[in-house]
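Dear colleague,

Please find the structure below, handed over for your use.

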Amino acid sequence: MQIINNPDKNTWADILKRPTQTVDDIEGIVSEVFNDVKTNGDSAIKIYTERFDKVTLENNLVSTEEIEEAVKSIPEALKTAIANAKRNIETFHAAQKTEKIELETTNGVQCWQEKRAIERVGLYIPGGTAPLFSTVLMLAAPAKIAGCNEIVLCSPPNKEGKLAPEILYAAKLCGVTKIFKVGGIQAIAALTFGTETIPQVYKIFGPGNQFVTVAKQLATKYGVAIDMPAGPSELLVVADNGANASYIASDLLSQAEHGADSQVILVATSQELIAKVSEEVEAQLQVLPRKEIAEKAIANSKSIFVETDDVALDLINQYGPEHFIICSKNEDFYVENIRNAGSVFIGDYTPESAGDYASGTNHTLPTNGFSKAYSGVNLDSFMKSMTFQKISKEGILNIGETIELMAEAEGLQAHKNAVSIRLKDLK
């Protein structure tokens with residue numbers, strides 16, 4: 001990891017750049033795939049699966065037999081672990097339900113707000129080098145609690161044309177309605193337009209690589225909503241001289257092993273700690289099965305020394321990390337003043353891995369600085385707030401003149417007339 005000492009604030013933007021390609025670099029291929037899938041449907045999906053996933057599939061839909069076979073193959077200990085994680089995720093997300101808000105704003109003017117589930121949602125589950133079955137729990141469990149009627153899952157197949165049995169088991173456990181062996185740009189395009197077999201959805205959820213992230217952003221041009229821009233994983237740790245260097249190194253590496261384009265950052269008020277963490281990262285890296293991937297991510301990562309917590313906090317809020325770990329005696333200062341972070345982990349015994357799997361919070365979070373404006377996935381992500389109003393004769397008499405005056409001032413005579421015609425009948 002590159003070590004940077006007391007960087008001038010004018011250099012922060014350059015120092016904190018993500019190691020990702022720009023949208024312009026990859027939008028061309030994404031648009032090409034989208035147009036092809038829109039025009040040619042499943043036949044285009046088949047060609048792109050052959051090209052990108054190196055496998056030929058006659059049918060993208062996962063069969064009942066494949067699901068049952070997957071269920072049987074999962075060890076009982078892992079089934080118990082998945083059930084425990086699912087329970088915590090459900091508990092946390094079910095607690096986010098809110099009641100109908102109803103009130104009379106003026107005598108005779110009744111207004112209320114209720115939430116309705118999004119009817120049809122698409123879940124993208126990354127596969128490739130690490131099939132993220134935990135993401136199935138994070139997305140399908142709250143979708144089910146929200147009451148989504150159709151939950152469609154897409155994930156890239158392996159070289160044998162199959163999905164990881166853990167993905168299929170988690171999907172069955174959470175009530176996913178259809179599962180397709182389709183990944184990458186073509187999966188997002190299929191969920192956007194629909195094909196002969198894959199349903200069009202109203203909102204797409206799930207993290208992915210840079211191509212998937214751009215594909216999701218392109219989907220919004222065609223009237224499909226997305227959860228958030230969620231690209232390569234990232235983590236920032238803030239620490240002081242009392243922090244445990246081995247714990248910090250393990251957290252940094254836990255995100256670095258996600259992918260070569262992941263980024264991890266240590267911000268510390270102690271140069272001695274930075275040196276210890278650097279040694280620990282090297283030592284722990286040597287025994288990781290995904291060492292080669294983690295090494296590439298570490299090469300894109302930084303340790304930044306600053307002298308005070310105030311400077312550290314300013315830098316962190318400018319970066320807006322996906323995951324933010326606090327290992328500082330002044331943890332309350334950071335907890336109370338952090339403004340831009342997807343999810344916050346506090347203290348020596350709160351590894352980021354807990355949020356990735358089983359504590360109950362959602363691990364689908366905004367990356368690339370989007371935590372400055374976006375929330376992570378939560379129960380409301382799967383719902384829409386709808387407002388209702390009912391106005392009585394008394395109510396329209398009470399607010400009618402207000403509406404008339406405002407409509408006339410805006411030059412919208414028909415708006416005024418819609419009220420005036422009613423007031424005339426009541427007077």
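**Strand pairing**

In this predicted model, strand β2 (residues 101-106) pairs with strand β3 (residues 109-117) in the antiparallel sense, over five bridges. One of the contacts joins T106 to V109, its bridge partner in β3. The two strands form a hairpin with two residues between them, and G108, in the turn, has a positive phi of about 90°.

Strand β3 also pairs with strand β14 (residues 383-391), again in the antiparallel sense, over nine bridges. Here the bridge partner of A117 is M383 in β14.

**Helix α9**

Helix α9 (residues 210-219) is largely enclosed by the rest of the structure, because eight of its ten residues are buried. The buried residues are Q210, V212, T213, V214, A215, K216, L218 and A219. At the start of the helix, a side-chain oxygen of N209 reaches to within 3.0 Å of the backbone nitrogen of F211.

**Cysteines**

A disulfide is a covalent bond between the sulfur atoms of two cysteines. With a cut-off of 2.5 Å between the sulfur atoms, the count of disulfides comes to zero. C154 is in no disulfide, and the nearest cysteine sulfur, that of C148, is 16 Å away. For C174, the closest cysteine sulfur is also in C148, at 13 Å, which is too far for a bond.

Are these two cysteines, C154 and C174, buried or exposed? C154 counts as buried because its relative accessibility is 0%. C174 counts as buried at 4% relative accessibility.

Yours sincerely

How values were computed
Residues numbered from 1 in each chain as written. Predicted model: local features only at pLDDT ≥ 70, side-chain atom pairs only at ≥ 80, totals over all residues. Heavy atoms only, no water. Pairing = 2+ DSSP bridges. Helix = DSSP H or I, 4+ residues; strand = E, 2+ residues; numbered from the N terminus. Buried < 20%, exposed > 50% of the residue type's maximum accessible area, 1.4 Å probe, protein only. Polar contact = N/O pair within 3.5 Å; in protein donor to acceptor, adjacent residues only side chain to side chain.
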